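Open your viewer and follow along. Each stop gives you a selection and what to look for there.

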2 protein chains.
Amino acid sequence: MNPNFGMKAVDELVKQPGSWLKVGENTGIIVSSRVRLARNVCGRRFPAWASEEDAVRLLHDLNPILGRLQACRDPIVLEISSLNRMEKEILIERHLMSRDMAEKGKGSAVVLKRDESIAIMVNEEDHIRMQAMSPGLNLRNLWKQIDAVDSEIESNVEYAFSPQMGYLTACPSNVGTGIRASVMLHLPGLVLMNEINSIIKAVSKMGLAVRGLWGEGTDAAGNMFQLSNQTTLGETEEVIVERLEKIVLEIDEHEKNGRNRLLEQKGNYIRDHFGRAVGILTHAHMLNSKETLEMLSALRLGLDLGIISGWKRAMIDELFLLTQPGHLQKLEGRVIGAEKRDLARARLVRQRLLDWK
Amino acid sequence: MNPNFGMKAVDELVKQPGSWLKVGENTGIIVSSRVRLARNVCGRRFPAWASEEDAVRLLHDLNPILGRLQACRDPIVLEISSLNRMEKEILIERHLMSRDMAEKGKGSAVVLKRDESIAIMVNEEDHIRMQAMSPGLNLRNLWKQIDAVDSEIESNVEYAFSPQMGYLTACPSNVGTGIRASVMLHLPGLVLMNEINSIIKAVSKMGLAVRGLWGEGTDAAGNMFQLSNQTTLGETEEVIVERLEKIVLEIDEHEKNGRNRLLEQKGNYIRDHFGRAVGILTHAHMLNSKETLEMLSALRLGLDLGIISGWKRAMIDELFLLTQPGHLQKLEGRVIGAEKRDLARARLVRQRLLDWK
């Protein structure tokens with residue numbers, strides 16, 4: 001494998017947002033959907049118990065199969081060990097691989113459809129983790145897409161499968177269907193109305209997990225919340241996906257109500273909140289990640305409510321991505337420390353918002 | 001006295017800043033100077049011990065004398081009891097009378113030269129408190145001006161005077177010369193470099209008092225500090241004035257040094273500070289007094305350092321005044337509560353800064 005291949009491929013990726021952030025296609029509240037399946041190859045050790053040799057052999061065996069998947073035509077294959085820290089950050093920030101994956105050595109790889117709508121991790125927690133992603137609420141379609149990918153792989157590989165349990169996985173929480181369906185929601189209305197905690201509680205009781213922008217263990221930075229199923233066993237994929245979809249639509253309604261009440265009850269406060277966000281984003285000289293996400297979230301809500309104008313939501317969504325440390329350093333063309341990143345971030349945001357306006 | 005006279009006179013005043021805030025005449029760091037004398041009329045009770053009848057009689061006796069002072073040609077005479085709350089606030093905000101004066105009833109009055117450079121309070125803590133004010137550092141001239149006013153009054157009135165003690169006053173701290181010389185300084189450099197406290201300590205040891213923007217007991221809002229002499233006894237007015245002038249010039253140097261080191265050592269931080277101030281002042285929809293003064297202080301410093309451009313310092317100094325509650329309500333034409341004031345303040349600041357730019 002050409003050692004520069006990974007780098008060039010990442011260069012290509014950062015030129016535009018992934019198709020799951022496609023301009024105009026998300027609904028404001030429901031940002032994107034994702035469905036992933038966990039699979040393991042029969043007769044091989046799970047990655048955590050495998051030697052490097054085992055891992056390399058598995059990747060070697062899977063490579064030709066994944067490389068010619070119908071669904072991924074001409075995919076990008078990125079070996080983790082060939083990527084530098086910045087490139088790994090970029091893949092994480094684009095939701096194309098997990099943070100855990102960045103720590104893996106030889107034998108681990110990510111296979112990507114060029115529009116980023118499909119990503120397959122080899123030798124992360126399981127042998128194969130495949131996902132399909134798209135803007136807006138699109139879980140049923142994504143399930144069909146990833147099911148087709150799964151079937152195509154299964155026609156070439158024998159999966160670890162138990163007739164009683166279903167698909168076997170490294171962590172018991174994934175056993176059965178191995179499915180995790182998730183939806184990213186922008187919920188500033190519920191946050192600003194102080195109603196988000198009761199919603200999270202209710203949703204948890206219904207067997208869903210609520211996570212932050214970058215998945216497990218992260219904050220809901222920028223008021224972005226990821227909702228996903230917890231159970232993978234004892235139900236069909238269709239039931240799991242439909243239940244999530246139903247709850248997402250309910251939360252979407254709650255958020256719309258929250259936004260309306262925000263305008264009615266706290267109109268001055270919210271106009272001030274939006275104005276300050278615009279003022280800071282277009283005038284600050286140093287912006288850290290957290291504040292940037294908060295301000296972009298305000299700007300995004302202001303646009304959705306029609307109180308702020310002059311920008312498109314897709315521009316703001318792109319900034320959510322471009323202001324992350326990996327993307328920022330890629331745009332700067334070099335690795336830079338935190339203070340310089342804050343300067344570069346403020347410059348980028350300022351220029352983009354003023355150019356676009 | 002025409003009961004509308006006070007109101008109309010205040011209307012006139014608010015049309016422009018007082019001469020002590022005259023466009024372009026202050027130096028940035030040294031904003032304005034003031035010299036006041038405390039005097040009492042021989043054989044009359046001090047105001048705190050006087051009856052309303054006593055006070056009214058004293059004002060009646062002083063009125064013709066103060067009304068035809070050479071130095072004040074055609075003065076404005078405002079009886080406190082004829083002013084409403086908003087008008088009193090305006091006089092306080094313009095440094096033409098004390099906050100204590102606003103609580104006084106019949107017999108208390110303020111006599112103003114029309115350009116506001118001379119103001120005389122009758123029946124505040126003492127029978128007569130006369131002040132001269134001007135932009136920049138101008139203490140010796142102000143002392144001469146107010147000395148002339150004092151001599152003119154003294155040629156018509158017998159002051160309470162002791163050959164041993166000098167002029168007698170209601171509070172022992174003013175006995176002797178009855179002089180209080182003060183200078184308003186804008187010291188954001190020393191504040192941002194965390195050096196202001198050691199300066200205040202040193203200055204206090206030299207027998208000076210350090211107060212906030214609105215005098216005794218107020219915060220140094222907007223990084224505005226008032227320096228004045230503490231002692232009034234045992235030294236001539238010239239010595240008192242010259243010592244204050246000398247210390248003010250030293251602090252001016254310290255502030256200049258502080259500003260230079262701020263640029264050298266915290267350049268990014270300070271550019272961010274300025275940028276955010278501009279962003280918030282031009283985009284917020286609600287601004288309280290305190291935040292407004294802080295942001296205007298940053299803007300003022302940014303202009304002085306040449307990092308911000310497009311406005312003149314005098315515009316910012318005018319906003320320092322116009323955004324105070326009394327002036328703001330006068331501009332709005334009615335008494336309004338705190339939230340509405342915050343809205344009106346933000347609107348005023350936004351419009352002025354955008355119009356001026």
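Here, buried means under 20% relative accessible area, exposed over 50%, and partly exposed in between (1.4 Å probe, protein chains only). Helices (H or I, at least four residues) and strands (E, at least two) are DSSP runs, numbered from the N terminus.

This is a predicted model: local features need pLDDT of at least 70, side-chain atom pairs count only at pLDDT 80 or more, and totals for chains, interfaces and linings use all residues. Residues are numbered from 1 along each chain as its sequence is written, chains are lettered from A in the order in which they are written, and side-chain values use heavy atoms, with hydrogens and water left out.

**Stop 1: a strand in chain B**

Select strand β5(B), residues 128–135. Eight of its eight residues are buried, so the strand is largely enclosed by the rest of the structure. I128(B), M130(B), A132(B) and S134(B) point one way. R129(B), Q131(B), M133(B) and P135(B) point the other way. In a regular strand the side chains alternate between the two faces of the sheet.

Strands pair if DSSP finds at least two bridges between them. β1(B), residues 30–39, runs antiparallel to β5(B), with eight bridges. Find R34(B) and its bridge partner M133(B). β4(B), residues 118–122, is also antiparallel to β5(B), joined by five bridges. There, I120(B) partners M130(B). β4(B) and β5(B) form a hairpin with five residues between them. In the turn, N123(B) has a positive phi of about 60 degrees.

**Stop 2: the axis**

Show both chains. Superposing copies by least squares uses the C-alpha atoms of residues with pLDDT of at least 70 in both. A rotation of 180 degrees with 0.1 Å of shift along its axis puts chain A on chain B (RMSD 0.0 Å). That is the relation of a two-fold axis. In chain A, the C-alpha nearest the axis belongs to G279(A), 1.9 Å away.

**Stop 3: a helix in chain A**

Select α8(A), residues 267–283. 12 of its 17 residues are buried, so it is largely enclosed. Among them are F274(A), G279(A) and L281(A). Contact means heavy atoms within 4.5 Å. The cover over the buried residues includes α7 and α12 of chain A, together with α8 and α9 of chain B.

**Stop 4: a tryptophan**

Which residues does W311(A) touch? Leaving out residues up to four places away in sequence, its contacts include V278(A), L299(A), I316(A) and W356(A).

Note on methods: The expected span of a helix is 1.5 Å times one less than its number of residues.
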